[in-house]
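Please open the structure in the viewer and keep the selection tool at hand.

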Amino acid sequence: MGPTGRRGFLKHGLVAAGGLGLGWVAWSKLARKGNVPQFHHLLGPLAPVKDQTTGLPLLKLPKGFRYHSFSWAGSEMNDGYPVPGACDGMGVVNDEDGVVTLVRNHELRGSSGPIGDPGKAWDITGGGTTTLRFDTRNERLLDSRVSLNGTLNNCAGGVTPWGTWLSCEEAPFTPDLAHHGLESRQSRWKLENARKSHGYVFEVHPDGETNPAPIVAMGQFYHEATAIDPRDGIVYMTEDRSPVAGFYRYLPDVPGELQAGGKLQMLRVEGQKDLVGAVALNPPMATGWVDIERPQEGHTPGSHDGAGVVAQGIANGGTAFVSLEGCIYHEEAIYFTSKSGGGAGAGQVFRLDIASNTITLIFEATERNGFSGPDNIIVSPRGSLVICEDRLGLFTDGQMLAGLDQNGSLFAFCQSNPELRGDFGGYDLRKTAVRSEWAGACFSADGQWMFVNLYSPGISLAITGPWQEGLI
């Protein structure tokens with residue numbers, strides 16, 4: 001899409017990036033009263049349902065729902081390359097005549113080679129994206145291929161209103177600085193042969209990138225997810241970093257043309273040095289923004305709190321969060337998650353009201369061994385906030401796809417089946433069923449299909465059923 005089309009999104013609105021849902025007024029009122037949502041079964045009890053592709057009872061779902069698994073890690077794609085594993089963030093970038101086009105992240109590390117054509121790779125690192133085309137009328141995968149490769153630790157991202165995908169590297173790494181030292185988690189990534197810098201946002205077109213280039217002005221840090229306000233083109237971004245992370249926005253010089261440059265800023269919550277621990281479900285807190293003068297200086301050699309982007313923001317008065325994950329725009333607000341924030345360190349969900357410049361905590365998980373680790377999020381076409389669980393505590397049962405409805409209730413929609421046993425394609429299904437996190441939930445334009453990933457070993461699923469009976 002050319003510049004005219006990209007800029008035109010400001011007039012014509014959002015495409016497949018959020019939901020068509022109702023307002024959240026009732027739920028906001030409950031939150032301000034201090035009512036903590038309780039877990040229940042809005043659509044009925046969950047029971048094992050067999051996958052219509054493999055016959056395996058991979059999932060537990062409410063009565064009437066069914067699904068297809070597709071694009072398993074290790075199987076062959078249409079371009080001849082094997083499907084990469086570690087399937088993470090994903091979004092619908094096009095939906096036409098029942099054919100849904102998805103771009104899916106792969107959170108892979110190491111520098112032993114790219115997942116696709118080396119001639120079209122940014123570096124020799126193993127992360128990237130694949131593009132999938134699923135026919136909802138005939139309920140089958142039509143096409144799959146590598147669309148970005150040679151990147152690093154591609155975690156989440158977000159759909160743009162003009163029909164591309166922003167893929168985020170959760171890995172600020174600069175080869176020329178590596179001899180000064182790496183943060184502890186990076187030291188295990190086997191990056192000795194990496195030739196280029198990482199920790200950036202890449203824009204991915206559905207047909208693939210032949211000459212990928214990072215959007216340097218959007219910063220070099222532990223990028224997680226993005227969400228774009230379709231009215232002005234501002235990009236909001238989370239950072240998955242511990243013990244200190246920031247929430248950011250990118251103000252492009254030309255809306256819709258992110259590579260043309262812009263300004264990076266970090267969120268400041270008035271009177272709050274950090275929102276890492278317990279935060280009351282209270283009236284909204286006022287917010288502002290502080291500038292990041294050197295967005296390209298994100299690598300902090302030999303230190304966890306060096307002169308990186310987050311340190312710059314905090315020095316200028318920004319507010320610290322921890323392990324920020326999912327991020328979505330909906331009705332003039334940004335919803336985002338902290339995987340391990342809160343009094344129990346089990347996770348939080350915040351709502352940033354753009355018009356009033358306020359932020360409110362709308363959910364806090366109360367224990368790490370229950371529903372915890374809220375990760376990728378999406379607003380469903382029927383108005384609920386759908387949360388992918390990446391559990392932090394004991395792995396005794398399957399992880400959840402949960403919803404927060406507009407009455408303030410946390411409800412179960414889908415669970416990886418904890419009774420699953422055996423081996424399939426060389427994968428231990430028990431390990432997948434209990435330990436694998438959910439990621440990349442998104443909906444078709446008509447709201448009849450949910451697409452989502454099981455991170456390990458790397459499986460995508462298309463779920464459909466009697467949505468009209470509930471809010472999800």
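How many cavities of 30 Å³ or more does a search of the whole structure find? The search finds 2. A cavity here is a set of points, on a 1 Å grid over the protein atoms alone, where a 1.4 Å probe fits but cannot get out, and lining residues have an atom within 4 Å of a point. Volume is the space filled by probe spheres set on the points, which are joined across faces, edges and corners.

This is a predicted model: local features need pLDDT of at least 70, side-chain atom pairs count only at pLDDT 80 or more, and totals for chains, interfaces and linings use all residues. Residues are numbered from 1 along each chain as its sequence is written, and side-chain values use heavy atoms, with hydrogens and water left out.

Select Pro172, Glu183, Phe221, Tyr222, Glu239, Arg241, Gly298, Thr300, Gly308, Val309 and Val310, which line the largest cavity. That cavity holds about 60 Å³ of space.

Next, select Pro172, Glu183, Gln186, Tyr222, Gly298, His299 and Thr300, the lining of the second largest cavity. About 30 Å³ of space lies there.

Now turn to the open sheet, in which 9 strands follow the order 12-13-14-15-16-20-19-18-17 with antiparallel pairing. Strands are DSSP runs (E, at least two residues), numbered from the N terminus, and two of them pair if DSSP finds at least two bridges between them. Select strand 12 (223-228) and strand 17 (324-330): these are the edges, each with a single partner strand, so one side of each lacks a neighbour in the sheet.

Finally, select residues 235-239, strand 13, which 4 bridges join to strand 12 in an antiparallel arrangement. Here tyrosine 236 is the bridge partner of alanine 227.

Methods:
1 Å grid on protein atoms, 1.4 Å probe; cavity = no way out; pocket = protein on both sides within 12 Å on 5 of 7 lines; lining within 4 Å.
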